[in-house]
Structures are given as C-alpha cells and as structure tokens.
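Dear colleague,

My notes on what was found in it follow.

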Amino acid sequence: MEKLISGIHHITALAEEPQRNIDFYTGVLGLRLVKKTVNFDAPQIYHLYYGNETGAPGTLLTFFPYEGIKRGRRGSRMITSTGFSAPYYSISYWEYRLKRFKIAFTKPAVRFEKETVIYFEDPDGMGLELVFNDHDPRSAFTYGNIPLEHSIKGFYHAEIWAHEPELTADLLTGKMDHRLMAVENNRYRYASTDQPGCFIDIVHMTDKPEGIMGGGSVHHIAFNTANRQTQETMRSKISESMLNPTPVIDRNYFTSIYFREPGGVLFEIATTGPGVEIDEPREKLGESFMLPLQYEPYRNDLEKMMKPLKLNLNNYI
Ligand code: ZN
C-alpha cells in the first residue's frame, strides 16, 4: 500500500530579528529565500521560507520572526536539532566557513557509523546540525555563495528529546508510516523511507528539563503527504488516536492539519502541492512580499508597518 506520509515537509521555528535571520540562512548556510509572506494567523509578523531553488518539500525551513521575543530553552518535549544533509567530503569546507563567520561548532562526531555530524546554533540559539554523508541522492542547491559541491541538499533529520520516547514512537510507527531504522546509545531513529530527509531521531534524555518555547525554538514539524485525499485519510487516523487534529487549513502553498503528539511536539501534516511556485515564478521566488487573498486589502498598511528586508549575499562570500 502506498504510504500516507513521506518524509519531512517543512520545519517552522521562532526567531527574533528577521534581517539577522535572512543573513544567516541565505548568507552563511546558502539556503534560498523562497517566500516572504506573513504569519497567516498574525499578519503583522513575517513568515520567511528558505529552501532549495524550487522550495521543494523536504528542504523548507521557515521562520516567524517576532521582534523582542524572549529566547527559548532547549529541552525535552521539543525538537532540539534540525539536521541538514551535506556531502561527506565537505567537512573541512564547512568547518572553515563556520569559523570564518565566528560560529562555534562541536568537534565532528560519527553517528550510526555512516554519518559525521557537527552541531552549531543560529543567531537565536536554534540547534542545527550538518550531517556529512555519502548516501543522499538529492542534488545540491544551486544558490548562494556555497560552491555546488559543498552545498546543503535539504533536511537530513529532526531530533526530539524525550523523557518517554515510546509516546512519540508509538504514534510514528502506529499511525504515521514510520519504522525503527537504527538505535545507537539513547538515540532511536525512525523514518518513513530510508532516505535522508525522512529521519526522526528520538533521543531519550532523562535528565533534561522540559524545553521552553521562545526565540530559537522549533515551533512545529510538518510531515509530507501526497494530496488532499491522503491528508483526509491521515486526519481520520489521527482522530482515531484521540489527538484532536485541526480541520484542514489552507496555507496557500499547501493545506495543513495540526495536532500535538503525545510526546509534546506540535505536528503538522502538509500536502506536497501546490507549492511555493503557485504565486511567483521559479526565478523570482522570495523577491516579492506575498500575501494571501484575505490580507491583500491590508497590503499598504502591512508594507508600511513591517521592516523592509533584503539579501546581503555579498557580505557572505
Ligand atoms: Zn507549518
């Protein structure tokens, strides 16, 4: 039977300064800003999408930048690291690049015998990892200042810290088409397929207090489902688990349902399409300030109210 869930669709996090956020993700990491819109539930807040050149699901990291937001704290019941996939031979390139931009990172460490990981944080303290591996068939991003042979290919994994890993694991395996792929120490890897971009690592942490949501925290993770029909089927399955999913919500670039999984993380299930090219051509993604229809009447006010943002790629060569 066809799987209802296939990998990570997007990950959405909270940040403070939108310009600082753009500079880091486009400048330092070489992701493409593919959409500049507003939080559909709070239109005075930007919603920034980064991804590969087409903004494909599995590459989309998005942010709500709230000026003045208090910093969060990494802890259990939240996503504590977002992993990006990079070529195996690029470790020294990235070490050099992070050093150059004064970003602290951990010593490369081998995980599951087949990947090498460095951990670092974005300017808001969000946990990030570069996972160097030679088994990611996706092509690299042809954008930004990172040479193609070293550039990021999309997500590798997301990491959740848990006091009771089985709460999340049972949902992933029972209702969401995941299976246990590997175990190393206290790290349990689940995936819907065995490809990078699909891995959910649940790390059993008994000594970490519960995380606090704030700047630098992941707000939610969205899993990919093929279309509206598979989304409805997933919605029924989640309802059966008494997890009270939202109705299907139109997010312009996909439709979504949301629910809090028993381990405490906010999950979303989003459709592959229609995608970020629905309102901007591929070569101009991220250039205009895009609003959903309901906020078009307020465009002038919003444009006056919100800080203008720009790409500063020349500062990050
Ligand atoms: Zn989302």
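**Aromatic pairs**

The count of aromatic pairs comes to twelve. Please bear in mind throughout that this is a predicted model. One of the pairs is formed by Tyr46 and Phe289, whose rings are arranged edge-to-face, at 5.9 Å centre to centre and with 75° between the planes. This pair links distant parts of the chain, since Tyr46 belongs to strand β3 (residues 42-51), while Phe289 lies in the loop between β16 and α5 (299-305), 243 residues apart. Tyr46 has a relative accessibility of 9% and therefore counts as buried. Phe289, at 12% relative accessibility, is likewise counted as buried.

A further edge-to-face pair is made by Phe259 and Phe267, with 5.9 Å from centre to centre and 75° between the planes. Both Phe259 and Phe267 are buried.

**The zinc site**

The zinc ion has three residues as its protein donors: His10 through NE2, His220 through NE2 and Glu268 through OE, lying 1.9 to 2.0 Å from the ion. Along the sequence, the spacing of these donor residues is H-x209-H-x47-E. With a relative accessible area of 3%, His10 falls under the 20% limit and so is buried. Glu268 counts as buried too, because its relative accessibility is 0%.

**Thr168 and its surroundings**

Thr168 is found in helix α3 (residues 165-175). The relative accessible area of Thr168 is 1%, so this residue is buried. Which residues is Thr168 in contact with, leaving aside its neighbours within four places in sequence? They are Ile160, Ile202, Glu261, Gly263 and Phe267. Phe267 is also the residue that forms the edge-to-face aromatic pair with Phe259.

**Helix α2**

Helix α2 spans residues 91-100, and its buried residues are Ile91, Tyr93, Trp94, Glu95, Arg97 and Leu98. The elements that cover these buried residues include α1 (18-28), β5 (78-87), β7 (115-121) and β8 (127-133). After α2 comes Lys102, which has a positive phi near 60°.

**Strands β10, β11 and β12**

Strand β11 (residues 187-191) has four of its five residues buried, and it is therefore largely enclosed by the rest of the structure. Which strands pair with β11? Strand β10 (residues 179-184) runs antiparallel to β11 and is joined to it by five bridges. Within this pairing, Leu180 stands opposite Tyr190 of β11. The hairpin of β10 and β11 has two residues between the strands, and Asn185 in this hairpin takes a positive phi near 50°. Strand β12 (residues 199-204) also pairs with β11 in the antiparallel sense, over five bridges. Here Arg187 stands opposite Val203 in β12. Ile202, one of the residues in contact with Thr168, falls within the range of β12, residues 199-204.

With kind regards

Conventions
Residues are numbered from 1 along each chain as its sequence is written. This is a predicted model: local features need pLDDT of at least 70, side-chain atom pairs count only at pLDDT 80 or more; totals for chains, interfaces and linings use all residues. Side-chain values use heavy atoms; hydrogens and water are left out. Donors are N, O and S atoms within 2.8 Å of the metal (3.2 Å for Na, K and Ca); water is not among the atoms, so sites may look incomplete. Buried means under 20% relative accessible area, exposed over 50%, partly exposed in between (1.4 Å probe, protein chains only). Contact means heavy atoms within 4.5 Å. Rings of Phe, Tyr and Trp (its six-membered ring) pair if their centres lie within 6.5 Å; planes under 30 degrees apart count as stacked, over 60 as edge-to-face and the rest as tilted. Two strands pair if DSSP finds at least two bridges between them.
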